[in-house]
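Let's take a walk through this model, stopping at a metal site and then at some aromatic rings. Have the viewer open and follow along.

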Amino acid sequence: MSRNWWQERVIYQIYPRSFCDSNNDGIGDLRGIINKIDYLKDLGIGAVWLNPIYESPNDDMGYDISDYEKIMSEFGSMEDFDELLEKLHQKDIKLIMDLVVNHTSDEHKWFIESSKGKNNKYSDYYIWRDEPNNWASFFVPSAWSYSQEREQWYLHLFSKKQPDLNWDNNEVRQDIYDMINRWLDKGVDGFRMDVINLISKAEGLPNGIGEGFVFSPEYFAMQPKLHDYLKQMRQSCFVGRDCMCVGETPFTNVDNAPSLVNDGKELDMIFQFDLLDIDSNGDKWHVKPFDVKEFKSILSKWQNTLKWNSLFLSNHDQPRSVSRFGNTSTKEYRIRSAKMIAVAVHLLRGTSFIFQGEELAMANVPFTEINELRDIESINFYNNAKDKKWAFESILKKGRDNARTPMQWDSSLFAGFSKTTPWICINPDYVDFNAEKQKYDEKSVLNFYKKLIKIKSTNEIIIEGTFKQVMKESDKIFAYDRIFRNKKIRIICNMSDEKVIIEKQDLNNILLCNIDNPNLYYLLPYEVRVLN
Ligand code: TEU
Ligand code: CA
């Protein structure tokens, strides 16, 4: 298999607002990332994905862009960005930007002009109607808002300040392709594309089935023209460039996902959410328990569906992975299970994405009251909920702010993130769980991740090998082989808090293990072994 750089590099997701604050205004920034490049290099990752850093009124933390080619002032300047790009490349670390083109901010020049009336260049850049349909939005009850100025309704699948672009308009697409090419000409190495499979809406915008406002992805996800637009974008921007594009594609499944990646004419990879929706009962706020069999069947299913997968346990929209898939009831279990779930997912076939802080086993945050929250989705959910107590409990489990608290660099006053009070509170466990402490602890989660990332980005069998699940029947063990040129590596993960008897093992060639003296005949709770 001729390999692309993104098939042999681990990608590290940085949430700039919470990574490192270099000028002590309580908000992370680009110079803060520059100051941590040695940490990233030492971790062994080969690329970083930055969440949006563009000019934005921050209604949805940067996912509401008012100028695609200006850096958000809180994050710094274009000069800071150029220096960051150059210094990352000097360390042979690639840079992936976030592309948010399903919608813009309502403060973007295009929308301001478009709102002025029906007879200007931008009038048809958004989706305007005299009458709204009954679609619900992700963040607010109705997906439509009325513009007094234009005397029409405009569509916004997300917040009122995130109007959807009209991709059926050639000029919209051309303006976006030109913008993408200007960033690629600057030397960025690729894009993570926000809700990219929602850009084409069903002809005639039919009403959803049901009473009131109806969430209707059947009419705005994976619509027919999507494939034409993705092919055109690839032809216009990415062909002939050594870059990578990964699409965030909610509402995909094993039947429709292959059409996005398998022929290489559209996207290189997708983020699908089957695993991260495993504990959602109808919607993300109704949390249901999941079992190991469900966990491993989802992962195995996708290993056998796509030629190449993205591998991730969380991101800036999800709760912390060790709190969700691991066990944080004791410090020992938190450390051991954080290592186990990382191996379980990242030694599968595909490109690994690690979200900032996962390598430190950062966990969900014990928020105590609603005004500690900053995320529009959680705050709207809470404000619209009848049962506030239940709503707050759900937010503690699934709220996006769990992922967005400051990176825990050390045990100093503001966790080494800043010298002043950060924009959102710090997890009080930072005194115990921080990079400084783990750096010098040979058995830390951080040092374990370094070993795992080394194997992931250098071992031929792990990079190129096929996937074969073993011990399928177990409701405690997730185990599989990676096979390449008749060589095999076996990964065995005890995902339970019980000791599990197993067949006698040959323990001579242990590549990686998260306990000191593994036993021949059983696995300890949350033990993981990688055998050559
Ligand atoms: O997220 C899209 C998306 O699917 C999320 O809204 C998800 O459903 C929800 O957050 C799960 O709780 C992308 C970005 O990742 C997210 O941060 C933005 O808020 C959203 O698009 C709009 O741009
Ligand atoms: Ca700052």
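Asp25 is partly exposed, because its relative accessibility is 37%, while Asp29, at 3%, is buried (buried is under 20% relative accessible area, exposed over 50%, partly exposed in between, using a 1.4 Å probe and protein chains only). Both belong to the protein donors of the calcium ion (ligand 2), together with Asp21, Asn23 and Ile27, at 2.1 to 2.3 Å from the ion. Ile27 gives its O atom. Donors here are N, O and S atoms within 2.8 Å of the metal, or 3.2 Å for Na, K and Ca; water is not among the atoms, so sites may look incomplete. Along the sequence the spacing reads D-x1-N-x1-D-x1-I-x1-D.

A word on ground rules: this is a predicted model, with local features needing pLDDT of at least 70 and side-chain atom pairs counting only at pLDDT 80 or more, whereas totals for chains, interfaces and linings use all residues. Residues are numbered from 1 along each chain as written, chains are lettered from A and ligands numbered from 1 in the order written, and side-chain values use heavy atoms, leaving out hydrogens and water.

Now the rings: there are 40 aromatic pairs. Rings of Phe, Tyr and Trp (its six-membered ring) pair if their centres lie within 6.5 Å; planes under 30 degrees apart are stacked, over 60 edge-to-face, the rest tilted. Trp167 and Tyr229 have centres 6.1 Å apart and planes at 40°, so they're tilted. Both are buried. Phe467 and Tyr480 are tilted too, because their planes meet at 45°, with centres 5.4 Å apart.
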